[in-house]
Amino acid sequence: MSLARLATPKDRTPKGLIDLIGNTPLVQLTRLDAGPCRLFAKLEGQNPGGSIKDRPALAMIEAFERSGELRPGGTLVEATAGNTGLGLALIAALKGYRLVLVIPDKMSREKVLHLKAMGAEVVMTRSDVGKGHPAYYQDLAQKITSETPGAVFVNQFANPANPLAHEYGTAPEIWEQMDRRVDAVVCGIGSGGTLTGIARFFQRASPSTEIILADPKGSVLVDVVEGREPGPVGSWLVEGIGEDFVPSNAELKLVTRGYTVTDAESFHAARELLRREGILAGSSSGTLLAAALRYCREQTRPKRVVTLLPDGGNKYLSKMFNDTWMADQGFVPRRHDGDLRDLIVRRHDEGASITVAPEDTLNFAYSRMKLYEVSQLPVLVDDHVVGIIDESDLLMATIGDPAKFAEPVHSAMSKRVETVEASAPFESLMPVFDRGLVVVVVDGSRFLGLITRIDLINHLRSKVH
């Protein structure tokens with residue numbers, strides 16, 4: 001992408017998918033409490049690859065093409081938290097390049113599946129190690145590049161084409177869409193390109209415009225912005241922003257002030273954005289929105305504030321928009337009974353349990369196991385457990401004759417069900433687990449739910465937070 005092409009987005013006549021990158025909508029958020037300010041959101045999820053990262057992905061690839069480093073049919077390697085990978089995958093697929101992506105293992109399943117569906121080769125690595133460790137995603141990507149003949153390391157963290165994509169694309173769009181009146185822009189930092197590019201533009205066009213950094217709790221960037229010695233690097237669940245180092249592309253001197261935002265604040269802000277404004281946005285969007293709302297509410301006079309929404313929320317449906325996941329992470333309150341019911345993930349009395357009836361077919365039981373990713377199902381009649389069927393039961397019943405998937409569940413289920421009263425001590429679970437069984441929790445004869453080994457492990461782990 002040439003700078004002239006970036007600088008004149010209104011002159012572009014779409015001819016293909018690449019031409020649809022940029023020119024994303026900007027909307028006012030009117031149903032959230034923004035204090036005396038008017039708060040606007042730039043919907044970067046409307047890019048064809050689903051995020052703001054389409055912009056630098058195209059700019060960086062075209063820069064490599066112009067320099068001659070990337071030749072037809074060549075290989076691109078990158079370390080990414082997901083969205084840059086999606087942007088690169090889109091452009092690589094359209095231009096015929098091989099793409100190898102190194103991704104930390106905390107990324108959402110939807111992102112990884114999306115990348116693989118687009119033809120990217122995904123290398124998963126650890127998310128709990130820092131720069132200098134051989135499993136650190138950037139170091140591993142550099143190693144793969146050095147071992148792959150003719151490969152190019154995209155290196156979004158230091159690639160100068162990254163901030164240029166925003167300096168000559170994203171920022172001018174915001175400026176024009178806001179009628180050239182912008183008091184503050186809220187950004188996050190992953191690679192640093194977005195904030196740096198936008199800040200450079202506003203330094204020239206509107207020096208009074210404040211650049212606000214939204215940073216996950218655990219990241220070191222706000223400490224650096226505020227001149228403090230960075231505290232211990234923490235961990236966070238928000239994807240795509242926050243760092244344990246200052247990326248080369250991040251010009252932190254351009255930041256006016258920063259806000260530290262917890263995972264809980266981020267996820268609740270994104271959920272509130274969907275409920276109140278109808279906008280399905282991603283986890284980093286929640287971080288930026290939470291910071292923007294705090295900034296707006298602190299003001300004593302009206303200001304025109306823009307926050308970026310870097311991607312859409314459809315890649316996070318199994319995580320922050322999933323009530324069970326949110327409860328498992330401690331971000332939404334659960335009812336506490338002070339007994340074994342507190343360990344049940346899918347409580348029957350809340351309509352969340354996954355069950356079958358004796359007369360349902362084995363095929364129906366199989367479909368439920370697949371859909372909900374469980375390996376056993378209680379068999380109920382009027383809230384009473386009459387049996388349990390697991391993967392082994394299904395296998396034994398059908399291995400000799402697949403037609404038996406049409407047989408009823410009661411023909412294959414185990415009728416020997418060991419139940420544990422909800423009031424029983426936690427220690428009563430271990431003998432059941434030792435026999436290779438799942439715990440069926442009851443209140444008298446009434447079924448309450450199942451407890452598996454991983455449920456107990458999750459419960460114990462939650463005690464360390």
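Start with helix 2 and helix 6, whose crossing is right-handed (a crossing is right-handed if the near helix is turned clockwise from the far one by less than a right angle, left-handed if anticlockwise). This is a predicted model, in which local features need pLDDT of at least 70, side-chain atom pairs count only at pLDDT 80 or more, and totals for chains, interfaces and linings use all residues. Residues are numbered from 1 along each chain as its sequence is written, and side-chain values use heavy atoms, with hydrogens and water left out.

**Stop 1: the helix pair**

Select residues 54-67 for helix 2 and 161-177 for helix 6; they pack at an angle of about 130° with their axes 8 Å apart. Axes are lines fitted to C-alpha atoms, for helices over the stretch in contact, and angles run from 0 to 180 degrees between N-to-C directions. Helices (H or I, at least four residues) and strands (E, at least two) are DSSP runs, numbered from the N terminus. Helix 2 and helix 6 are therefore oblique to each other (under 35 degrees is roughly parallel, over 145 roughly antiparallel, 65 to 115 roughly perpendicular, the rest oblique).

**Stop 2**

Next, select the open sheet of 4 strands, with order 5-4-3-6 and parallel pairing (strands pair if DSSP finds at least two bridges between them). Strand 5 (121-125) and strand 6 (151-153) stand at the edges with a single partner strand each, so one side of each has no neighbour in the sheet. From one strand to the next, the twist averages 20°. Helix 5 (residues 137-147) packs on the sheet, touching strands 3, 4, 5 and 6, and its direction makes about 160° with that of strand 3.

Now pick strand 3 (residues 75-79), which pairs with strand 6 over 3 bridges; Leu-76 stands opposite Val-152 there. Strand 3 also pairs with strand 4 over 5 bridges, and Thr-75 has Arg-98 as its bridge partner.

**Stop 3: the cores**

Finally, select Leu-39, Ile-198 and Phe-202, which have the most contacts inside the largest nonpolar core, of 67 residues. Such a core is a set of buried Ala, Val, Leu, Ile, Met, Phe, Trp, Tyr and Cys residues joined through side-chain atoms within 4.5 Å. Helix 10 (residues 283-298) gives the largest share, 8 residues. Apart from this core lies another, of 30 residues, among them Val-112 and Leu-115.

Key. Contact = heavy atoms within 4.5 Å. Buried < 20%, exposed > 50% of the residue type's maximum accessible area, 1.4 Å probe, protein only.
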